[in-house]
Amino acid sequence: MTKIGIMSFAHMHAHSYAACLNAMPGVELAAIWDDDVRRGKKMARAFETSFVKDLEAFLDTEMEGVIVTAENVKHRVLVESAADAGLWILCEKPLAPTVEDAAAMVTTCKKAGIGLGTAFPCRYARPLMAVKEMLDSGAYGEVYAVSCTNHGQSPGGWFADEALSGGGATMDHTVHVADLLRWMLGKEFTRVYCELGNQLHKDTLETDDLGSMHLEMEGGVQVSHIASWSRPKSFYTWGDVTMEFICEGGVINTDAFNQKLTVFDDKAMRVSWAPWGDNPDLGLVQDFVSAVRDKREPAVTGVDGLRATEVTVAAYDAYKERKAVKI
Amino acid sequence: MNVAIIGCGGMGRLHAEMAANCGLRVVACADAVRKAASSVADTHKAKAYEDPMGAINSKDVDIVVITTPTPTHEKYVKAAAKAGKHIFCEKPFGRSTAECRRAIAAADKAGVNLFVGHVVRYFHEFEAMKAQVDDGVIGDAGWLKIYRGGIFPGDPKSWFRDYAQSGGVTFDCMIHDLDWARYTFGEPERIFCQTLMRKNPTQLDYSQVTMRMKNGVIATIIGTWAHPSGFRVKAEICGSEGMIQFDSADAPLSAEARETAAGPTMIVPMSPVAKSPYQHEWEEFVAWIEGRGKPRVTAADAMRAVEMAEAALKSAAKRQPVTV
């Protein structure tokens, strides 16, 4: 039995990870720690595990790994304490809101001999895996330009509190696509320009709600990316991940979560999309569990998280300076 | 009134038809390629010219339509103005702001009406989107995205394929969206652009732009001449209280032939309307000449669009934003 704990349910993705752990044979959700005691207790009941209020006692629980799903700024201290306790770690994205924190986390885990993974489940989304296979096959030739979006609805709460999140929509919705492109093309980002917006939720949000970015990758690949909380409350679903690849041999388009039904519900007077595609979170959690068992690094590493954070932070810098900056 | 068509390619033929629909007579058709000139001329029982100046200076011509490659627009606008003719110039107005400025000065001096065909302002879906924005349906707008394009236009020898002449997808095609963004959301502040402008091994262009408007609105605009086939327009406008989306692939009518003479078939979406946007711009142009109101797009607007497109290409070359 592989025992995994969860540190904080501040990020809603914890619900899905907990459900994945509970669904996997030979895996046990060992315990939950949360600095919000009420939330922690409620989640422990919901996922049929125990809540441990004291952090040290939690880290002493018999288990081999933890999933950290706290607010962005708390990732570092929790990851470092788990590393001290010798636990394998899967950390929610962004790995950290600053390059300094992200780099320190990578270093700490490396020194402690701990496997640190970053939660980029998009790498396990089947349509995106298929894109990587198409690109790797060489059938489409060299990639010259990519146009991407990662839109979402406004999550509110701590996401919009810069003291806890480190930034708004651009902090939240840049790293998935940054990681996907690094993974798919095997190239690093070299340069970024960014315009930040905050006009969509200006009455309720202090942070940016949209970033329109222009990036370059090694070899001069031209990339645009929109990170946003622009989907209205009345939208069909939470948002999207889309990418259009302009290649020598043709064009590849993906709308990664477009495996859905359109449901018209008269009772709620609402039209919504019901997804039926494979759950990418399951692939992510399965890899983490097998990394824990084999005492290897997770497939998506802490360094991958650090690289994605470098892109995001540079985007904020670029907007501050009103010019394209090196990454 | 009688019309001369200068440049008898696809747009020349189209504008000749629109002019005829407005009750005007197409009397002169000029093109350096004799066959192109006589083909349009035959349709309208007009006289074919190889020399544009012959058509422009023909006594019975009242309106000159300029549908030649962009860098030649200034020359023909000036000639038409000097001859006292009203002018319909296809977009882009010129290949540089300086060319546009001189063309406007010539028309002003001659006291003729100079219209530039920024037809997207007349497209039903763009009119409808602007109306929704202006009516406040989505609250205060914060961001828009427009996507336009498809296959690289023109045959292998076409002037479109010479970036020095056409300016590629950014200058020739995206100029529509730069203009519409300014028309709908006010003056731009700065612009950032990445564009491919590739020649080899395959000629393709793909342009990605972010334009910041003075009122804070962000416009993300993608133009493609990099697709293997087809043409598509998508638009999305997000505001404080909602969002508007348009996609030309969501068409009321589409067809795909089982067999074509050359190569694979393609689904062609169509969106029939009673009055085409080209007809609509012609009606406004003619009404303006006849003293019945002013068109929604001025030559100064068209010059500003060229200025924005120039700034985009400058940004692409510098890899930095450019104030516009």
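Predicted model: local features only at pLDDT ≥ 70, side-chain atom pairs only at ≥ 80, totals over all residues.
Trainee: How much area do chain A and chain B bury between them?

Mentor: Start with contact, meaning heavy atoms within 4.5 Å: 38 residues of chain A touch 40 residues of chain B. Buried area is the accessible area (1.4 Å probe) that two parts lose on being put together, summed over both. Carbon and sulfur atoms give 51% of it here, and the total is about 3100 Å².

Trainee: How many salt bridges does the rule find across the interface of chain A and chain B?

Mentor: The rule asks for a side-chain nitrogen of Lys or Arg within 4 Å of a carboxyl oxygen of Asp or Glu. A:E216 and B:R319 form such a bridge, with their closest N and O atoms 2.9 Å apart. Across the interface of chain A and chain B, the count of salt bridges is five.

Trainee: Now for chain B: how far apart do the C-alpha centres of domain 1 and domain 2 lie?

Mentor: The bounds come from an automatic or database domain assignment. Chain B is divided into domain 1 (2-117) and domain 2 (120-275 + 297-323). For these two domains of chain B, the C-alpha centres are separated by 25 Å.

Trainee: Which residues in domain 1 of chain B lose the most area to domain 2 of chain B?

Mentor: Between these domains of chain B, 16 residues of domain 1 are in contact with 20 residues of domain 2. The area buried there is about 1500 Å², with 65% from carbon and sulfur atoms. On the domain 1 side, 36% of what is buried comes from three residues together: B:K91, B:R95 and B:T97.

Trainee: Which side chain meets that of B:K91 in a salt bridge?

Mentor: Between domain 1 and domain 2 of chain B, the count is one salt bridge. With an N to O distance of 3.8 Å, the side chain that meets B:K91 in a salt bridge belongs to B:D172.

Terms used:
Residues numbered from 1 in each chain as written. Chains lettered and ligands numbered in written order. Heavy atoms only, no water.
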